[in-house]
Amino acid sequence: MNKPAVLTTDTVDTREKLLRIALNEFAKHGIEGVSLSQIRQLSGQGNRSVVHYHFKTKARLVEEVVEFATSRLDVYCKQAHAEFALGKPEHKEWVRLSELIFDPFLKLFASGQTGATCIQFLSRLTWQTGEQGQRFLTRFFNPYMEVFSPALHRLLPHYSEAQLRFKIHLAVNTAIHGLADFSMVMHDEGLLPLVSQADAPKEMRRLFHDYVSAGLKGN
């Protein structure tokens, strides 16, 4: 009889290290631009089969990186759902509801280097892997947005369900790509008066939500 595999601390640590390296490299170079051999070399592992041992295939590794990134975003999404369930009056106002819906992306991005890398990876996933990437993200975002759908329809009754769903997809992509490209802000000298002011994070958050909510609401 075959004995079940025992996961030691070293095994778990190696797997986690490979997963994080894959996240970083996929975020920088795209899924197609990174090989399993490169991930193994960056990990410092001498065993040439180490990535295959832990993940079997590259497709499975990609799925687990997606799960890694979306699980971190899901923490903030669940917070938004819990906040919305309280039925606060301000969430009946369009701008405040939009802030609640899209704040999870900002919170993940601002949570540290891993959070920012997760956003960059999700951005890559939507435009570089085509249909596969869209399927991954739709599987995650549709249940998240369904909670807010009735309130969105009440606030934006001039859109059909299909039109509103389309605009939500555009808004989500705008949020992800905008945050993923945020580094360009730090290289634009014309924006220094904004990014150097004392309340810069608060003001940039306001402007971010203003941009996304205005695009979603339309005229």
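Analyst: E63 is partly exposed, with a relative accessible area of 30% (buried is under 20%, exposed over 50%, and partly exposed in between, for a 1.4 Å probe and protein chains only). This is a predicted model, in which local features need pLDDT of at least 70 and side-chain atom pairs count only at pLDDT 80 or more, while totals for chains, interfaces and linings use all residues. Residues are numbered from 1 along each chain as its sequence is written, and side-chain values use heavy atoms, with hydrogens and water left out.

The side chain of E63 joins that of R60 in a salt bridge, at 2.9 Å from N to O (a side-chain nitrogen of Lys or Arg within 4 Å of a carboxyl oxygen of Asp or Glu). The two residues are 3 apart in helix 4, and so are separated by about one helical turn (helices are DSSP runs of H or I with at least four residues, strands runs of E with at least two, numbered from the N terminus). R60 is also partly exposed, at 32%. R60 forms a salt bridge with E67 as well, where the closest N and O atoms are 3.9 Å apart; E67 has a relative accessible area of 38% and is partly exposed. A network of salt bridges links R15, R60, E63, E64 and E67. Side chains of opposite charge can pair when their charged atoms come close. The count of salt bridges comes to 12.

T70 also lies in helix 4, which spans residues 58-85, but T70 counts as buried, at 10% relative accessibility. The T70 side chain reaches the backbone oxygen of V66 at 2.8 Å and that of E67 at 3.4 Å (a polar contact is a pair of N or O atoms within 3.5 Å; within protein, one must be able to donate a hydrogen and the other to accept it, and residues adjacent in sequence count only if both atoms are side-chain atoms). Leaving aside neighbours within four places in sequence, T70 is in contact with L122 and F140 (heavy atoms within 4.5 Å). The C-alpha atoms of T70 and I119 are separated by 9.2 Å, although the residues are 49 apart along the chain.

The largest nonpolar core has 61 residues, of which F26, I39, L61 and F121 touch the most other members (a core is a set of buried Ala, Val, Leu, Ile, Met, Phe, Trp, Tyr and Cys residues joined through side-chain atoms within 4.5 Å). The largest share of this core, 10 residues, comes from helix 4. Beyond four places in sequence, F26 touches residues including K58, L61, V62 and V65.

As for confidence, helix 4 has the highest mean, at 94, and helix 10 (residues 192-195) the lowest, at 80 (pLDDT is the predictor's confidence in each residue, from 0 to 100). The chain averages 86, and 90% of the residues score at least 70. Residues 1-7 stay under 50, and the model has 1 contact for them beyond four places in sequence. Where pLDDT is low, the predicted coordinates should not be read in detail.
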